[in-house]
Amino acid sequence: MTNQTKPSASGETWTPRIVAFFCNWCTYTAADLAGVSRMKHAANARVIRLMCSGRVDPQFIVEALAKGADGVLIGGCHPNDCHYVEGNYKCLRRYQMLKRMIADMGIEPERLRLEWISAAEGEKVKRVINEMTETLTQLGPLGLPQKFDEWDREMEHFAEHVAAREAATGSACPEHGGKPQTLETAHA
Amino acid sequence: MKPIVPKKNEPIRIGYYICHCGTNIAGMVDVEAVAKYVATLPNVAISRNYKYMCSDPGQELIQQDIREHRLNRIVVEACSPLLHELTFRKATEAAGLNPFYVQMVNTREHNSWVHTDRTEATRKAMALARAAIQRVPHHKPLEVKKVPVNPNVLIVGGGIAGIHAALTLANAGKMVYLVDKEATIGGHMAMFDKTFPTLDCAMCVLSPKMAAVGSHPNIHLWTYSEVAKVDGYVGNFNITVRRKPRYILEDLCTGCQECVDACVFKEPKFPDKFNLGLGKRKPVFLPFAQAIPPVVMIDPEVCLNFKRGKNPDGTHTVSDKCKKTCVQACGDRKAIDFKQTEEFKNITVGTIIMATGFQIFDAKRTPFYGYGVYPNVYNALEIERIINASGPTEGELIMRNGQRPKKVAIVHCVGSRDENTNRWCSRVCCLYSLKLAHLIKEHTNAEVYNFYIDMRTPGKSMEEFYNRIAEEGMHLIRGKVADVYPDPNNGATGRLVVQAEDTLTNKILKIPVDMVVLGVGLEPQPDSENLRRQFNLSCSSEGWFLERHPKLAPVNTFTDGIFLAGCCQGPKDIPDSVAQAGAAASEAFALIDKGHVEQEPNTAYILADECSGCKSCIPLCPYTAITFDEERKKAIINEALCKGCGTCVAACPSGSIVQNLFEDEEIFSEIDGVLAPVPV
């Protein structure tokens, strides 16, 4: 049981980074139990404590991915066991929606995982974190911040290119009959 | 001292402390490197590492720094906040800073204890530290809400643990509601004959306590009742209790049992539940002689005055076909009421003690022992009843065929320490098996063979008890019984052969016996899962109610105000159940005596200026804490009803709901922090 590592393109060892949102009552406590029971597992997850999985705002997940997480794990109480009656169901609904949404954004849905882990299931914390680390290692880095940089550079380059063309011809792009140029036509 | 509230424009000055926890953290995390790294982060005024932050000098260090360095935010990287957040909040408050400026980083349970690579662990410690450092500037000074504690206590389960807890609290002047699903209190202990290691009779010590419960002015005893609904939280639980119909008016019944004598059934002919079906009872009966309350009940399943079978809603219909000799016998007392229906009682209590006990392992799940197949195979609880002077045979140890056994085998660990059934040791079986060996020998002078895996007799006077029994000439055989089958030479007599390997002599033994006693283990109650849900408790994977901390909070649960007593938390003997019941009672008492509970101020509120009045939050709140102001077209959160889950916050499309302690900015900065690059 050690960290899953995989050399990246630059030759440095890369290891997935997981942002985990754990509810205070079940999963966070289970992670504490895993600690007290010394259940060794991968060091890739960074836990953020919330009172309830119902507090997980979809924006948190998108933000985590955008800031460089390779995967996001949400842990809540089992159905019917929520400390706040039904916050975990609300979380489930958002999770289902997000799962489809990130797929549309071109992000593998496996990068987002929701697990019900009760306060007694320290073993499950260990298993889920290890499994998720394994899955993300297989998938490789998501690297959204780098992609954002790349896209920014592309856009800058493109803007410069357009400006140069406009300066040369003194008018809007003649190839498109004066129509405004879209991202698609520019890349075509 | 009035808490210092930093002025608006005062710069953020963070004090950061990483704890070594001896070698618990420092052994896996390079604490000095982490402290050095944190010192380079923005807003950090002081970054230290120290051997034990939770110690007095550790806390003093924080307080001194707050005063000397005008710190206005504190980050402690140590163990779980569930363990020591309060410690550091209090220390901070004592130095004059609002306690909610503290943030803890869990680097022991979530890091050093679960990882094996020092570099990785150090990297993680840095990332988590950074998240907290970025989070604390957003912290606001908050005030703890104080909620009064209702002094009444609900105790669920009237076995020895529930009885002891009820008496302790009632004697201290607190009002106790004791609810038991059975018709009488007493639980399993009332069924036992004698108790180990003293061999005093169980009822002799229990019945005075039961009677005290029955007559105590501070105890509302509701037997044959179940908790139907639990609402509210520590200090103010609203409980609905369902009182099932016993067709007897409890207040009017004197317990004279003349109705039992007068019943149209001249002889008892229905299986007696208290004697585990070994004895018989009439349709109207007193559960057992010393039952508390001493009130009879009618079993509508067999009473002639009811139609056979249940209605779909579980009730019974009166047929009025019986001569009702019982009613005549009751006469003017008028205690019999065939039309009684279930009744619901609503009560408010501040604290709850769960004392719901255990069930014995069903030996039919280990078919090779022949329980339920061969009539001479009994479980230990049945033997307790047979040996008991008030039992079905009036204390004479005879088998179902009416004969006295001459050779008896007692099998330990039935449904305990077994991969196929229950893995745990039920703790009491070795000792009660030794006790039964003694009692069987005493009653019948039979040869007794005890088959054990390991003889486990921990506890005060228990080893001495074991030695005493061993010296009485018992056969103690170390070996697990593999099979029980009819004696091929003597099958018609009902004799059995017990086959086991004696692991001390490596010999296969086949011992013919008359009777086999199965030392069945203890299991969670069959309805413990429902109770757990109802009371919002946690269970261990085995199904026992989970205590807040195995060592330091053994009777507390994760739900504030609910405590555990007795075997519902795990197998234990009578002294331990009583001790735990006392502990649970004193925990409840401590809350009541304080008079109020302090509530985490993690409630949500609405920024009225930004609320668009879309109402999406309103149906999400499980506590109906959100209402809509039609005039202003804004949602409003009732702070007294809000429990602080944050579900509405996550759903608000305009971001106009804020949860204290878990504000969006705080969490976003944590996300940013854990993902920021670190130098190792």
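**Salt bridges, patches and backbone geometry**

Trainee: Starting with B:Glu120, is that one buried or exposed?

Mentor: B:Glu120 counts as buried, at 9% relative accessibility, where buried means under 20% relative accessible area, exposed means over 50% and partly exposed is in between (1.4 Å probe, protein chains only). Keep in mind that this is a predicted model, in which local features need pLDDT of at least 70, side-chain atom pairs count only at pLDDT 80 or more, and totals for chains, interfaces and linings use all residues, while side-chain values use heavy atoms, with hydrogens and water left out. Residues are numbered from 1 along each chain as its sequence is written, and chains are lettered from A and ligands numbered from 1 in the order in which they are written.

Trainee: Okay, and which residue does B:Glu120 form a salt bridge with?

Mentor: The partner is B:Arg123, with the closest N and O atoms 3.3 Å apart; a salt bridge here is a side-chain nitrogen of Lys or Arg within 4 Å of a carboxyl oxygen of Asp or Glu. Both residues belong to helix α5 (residues 118-135) of chain B and are 3 residues apart, about one turn of the helix. Helices (H or I, at least four residues) and strands (E, at least two) are DSSP runs numbered from the N terminus.

Trainee: How many salt bridges does a search of the whole structure find?

Mentor: Over all chains, the search finds 48. In general, side chains of opposite charge can pair when their charged atoms come close.

Trainee: And which residue does A:Asp81 pair with in a salt bridge?

Mentor: A:Asp81 pairs with B:Arg532, and their closest N and O atoms are 3.0 Å apart. A:Asp81 sits in the loop between β5 (71-76) and α3 of chain A, whereas B:Arg532 sits in helix α13 (residues 528-535) of chain B, so this pair joins two chains. A:Asp81 is buried at 12% relative accessible area, and B:Arg532 is also classed as buried, at 7% relative accessibility.

Trainee: What about B:Lys345, which side chain does it meet in a salt bridge?

Mentor: It meets B:Glu343, with an N to O distance of 3.6 Å. B:Lys345 is partly exposed at a relative accessible area of 27%, and B:Glu343 is partly exposed at 41%. Elsewhere, salt bridges that share partners link A:Arg113, A:Glu115, A:Lys124, A:Arg127 and A:Glu131 into one network.

Trainee: Switching to surfaces, which residues form the nonpolar patch?

Mentor: A:Val62, A:Met97, A:Met101 and A:Met105 form it, with about 320 Å² of accessible area together. Patches are made of residues with over 30% relative accessible area and no salt bridge, joining like charges within 9 Å and nonpolar side chains (Val, Leu, Ile, Met, Phe, Trp, Tyr) within 5 Å. Accessible areas come from the Shrake-Rupley method with a 1.4 Å probe, and for residues only the protein chains shown count as cover. A:Met101 is part of helix α3 (residues 87-104) of chain A, and A:Met101 is partly exposed at 33% relative accessibility.

Trainee: Which residues gather in the patch of negative charge?

Mentor: That surface patch gathers A:Asp149, A:Glu150, A:Asp152, A:Glu154, A:Glu156 and A:Glu160. Lys and Arg count as positive and Asp and Glu as negative, with His and the chain ends not counted, and the place of a charge is taken as NZ of Lys, CZ of Arg, CG of Asp or CD of Glu. A:Asp149 belongs to helix α5 (residues 144-169) of chain A and counts as partly exposed, at 43% relative accessibility.

Trainee: Now the backbone: which residues does a cis peptide bond join?

Mentor: One cis bond joins B:Phe196 and B:Pro197, with omega about -5°, and B:Pro197 is in the loop between β8 (194-195) and β9 (200-201) of chain B. The peptide bond from B:Ile292 to B:Pro293 is cis as well, with omega near 0°, and B:Pro293 is in the loop between β15 (284-285) and β16 (297-298) of chain B.

Trainee: What phi does B:Cys21 have?

Mentor: Although not a glycine, B:Cys21 has a positive phi of about 50°. B:Cys21 is in the loop between β1 (14-19) and α1 (31-39) of chain B, and B:Cys21 is buried at a relative accessible area of 12%. B:Asp320, not a glycine either, has a positive phi of about 60°, but B:Asp320 is partly exposed at 47%.
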